[in-house]
Amino acid sequence: MTAWKHHLPPMATLGPLLALLAACVFFSFQSDRFLSAGNFSLILQQVMVVGVIAIGQTLIILTAGIDLSCGMVMALGSIVMSKFAVDHGLPPLLAIACGMAVTMGFGLLNGLLVTKIKLPPFIVTLGTMNIAFAVTQLYAAAQTVTDLPAEHTWLGNTFGFGDTSMNYGTVLMLALYALMWWGLRDTAPGRHVYAVGNNKEAARLTGISTDRVLICVYVLAGLFYGIASLLSIARTGVGDPQAGQTENLDSITAVVLGGTSLFGGRGLIIGTLIGALIVGVFRNGLTLMGVSSVYQILITGILVILAVATDQLSHRSR
């Protein structure tokens, strides 16, 4: 019995997984198209941008922080990648690297403000969210960037997978989750992230450089936002300055639904993937049912409140 329990997923992940399975069962009775391989491939494509942003958001929330700037930083990264290649004639790979450098730069700025000036992450990222939005609009002149080189849109290409097709961006998203699952579980830096989120002062007293951990987390999150920028371009085929308007809240939703505690120190990266899929399944299933997008947002909001309430009750009991 003990060995059997040892192999079960933790409740924080098991709960969201059961919710995902229940949602799939429900929508399978509502639409004949829901269980098709092509529809599941579509769901993965629809969540890949938010899913990658949510990896960075998970790292920050594990340290008891939060990042409201992620969506706007992602949009700025996509515009830099696009305009550097199209308007300034940079080689495509160099333009992509420049866009990622910008998103990582914002991550570094967030990390320095949180650690060196001791500002709350909520206030810091609220400020950088507005800065990134303004810079994006000014630089892009509110115009989308088209005629992008093939390197920018390659991740949107598809390949045959069984009876359906899947794009390379989806594979990249799943690979990043697998990599971060290993990194957080089996490496010392990963354990330091949990330690800082669980009790920052105790982590400092054990010899962990808490400021360095936090800065690295915010910079790494910026890297994931840069990757999400490229995925956004690959999915839409353009550099869109209006992108990223809701990705900050969507990423937090995925993290919370996946069982990561907003108090820091508890949660699994795989849970975030499940949380992103829950949102994707609900929106896809309700669309197939013909339900208005307003009700989709309403249901998502209810799910978030339930997840946060569960986290709060669990925190109090601890």
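**Burial and helix packing in a predicted model**

Biologist: Does Leu-277 count as buried or exposed?

Modeller: The relative accessibility of Leu-277 is 18%. The model is predicted, and local features need pLDDT of at least 70, while side-chain atom pairs count only at pLDDT 80 or more and totals for chains, interfaces and linings use all residues. Residues are numbered from 1 along each chain as its sequence is written, and side-chain values use heavy atoms, with hydrogens and water left out. Because buried means under 20% relative accessible area, exposed over 50% and partly exposed in between (1.4 Å probe, protein chains only), Leu-277 counts as buried.

Biologist: In which helix is Leu-277 placed, and which residues is Leu-277 in contact with, leaving aside its neighbours within four places in sequence?

Modeller: Helices (H or I, at least four residues) and strands (E, at least two) are DSSP runs numbered from the N terminus, and the place of Leu-277 is in helix 13, residues 269–288. Contact means heavy atoms within 4.5 Å. With neighbours within four places in sequence left aside, the contacts of Leu-277 are Leu-20, Leu-44 and Val-47.

Biologist: How are helix 3 and helix 13 oriented to each other, and what is the handedness of their crossing?

Modeller: The axes, which are lines fitted to C-alpha atoms, for helices over the stretch in contact, with angles from 0 to 180 degrees between N-to-C directions, come within 8 Å for helix 3 and helix 13 and cross at roughly 140°. Angles under 35 degrees count as roughly parallel, over 145 as roughly antiparallel, 65 to 115 as roughly perpendicular and the rest as oblique, so helix 3 is oblique to helix 13. A crossing is left-handed if the near helix is turned anticlockwise from the far one by less than a right angle, and right-handed if clockwise; the crossing of helix 3 and helix 13 is right-handed.

Biologist: How is helix 3 oriented to helix 12?

Modeller: Helix 3 and helix 12 (residues 247–257) pack with their axes 8 Å apart and at an angle of about 65°. Helix 3 passes helix 12 in a right-handed crossing, and residues of helix 3 including Val-50, Ile-53 and Ile-61 meet residues of helix 12, among them Asn-248, Ile-252 and Val-255. Given the angle of about 65°, helix 3 is therefore roughly perpendicular to helix 12.

Biologist: Which residues of helix 11 make the contact with helix 4?

Modeller: Helix 4 (residues 70–86) and helix 11 have axes that come within 8 Å and cross at roughly 60°, which makes helix 4 oblique to helix 11. Helix 4 passes helix 11 in a right-handed crossing. On the helix 4 side the contact is made by Cys-70, Val-73, Met-74, Gly-77, Ser-78, Met-81 and Ser-82, and on the helix 11 side by Tyr-225, Gly-226, Ala-228, Ser-229, Leu-230, Ser-232 and Ile-233.

Biologist: What is the relative accessible area of Asp-67?

Modeller: Asp-67 lies in the loop between helix 3 and helix 4. Leaving aside neighbours within four places in sequence, Asp-67 is in contact with Gln-57, Ile-60, Asn-110, Thr-125, Tyr-225 and Ile-252. Asp-67 is buried, and its relative accessible area is 2%.

Biologist: Why are the buried residues of helix 9 on the same side of that helix, and what arc do they cover?

Modeller: In helix 9 (residues 188–198) the buried residues are Gly-190, Val-193, Tyr-194, Val-196 and Gly-197. They lie on the same side of helix 9 because their arc around the axis, taken from the directions from the helix axis to the C-beta atoms, is only 165°.

Biologist: Which residue of strand 2 is the bridge partner of Phe-159?

Modeller: Strand 1 (residues 158–161) and strand 2 (residues 164–167) run antiparallel and are joined by four bridges, where two strands pair if DSSP finds at least two bridges between them. The two strands form a hairpin with two residues between them, and Gly-162 in the turn has a positive phi of about 65°. Within strand 2, the bridge partner of Phe-159 is Met-166.

Biologist: Is Asp-147 buried or exposed, and what is its relative accessible area?

Modeller: Asp-147 is found in the loop between helix 6 and helix 7, and its phi is near 55°, a positive value in a residue other than glycine. Most residues other than glycine have a negative phi. Asp-147 is exposed, with a relative accessible area of 71%.
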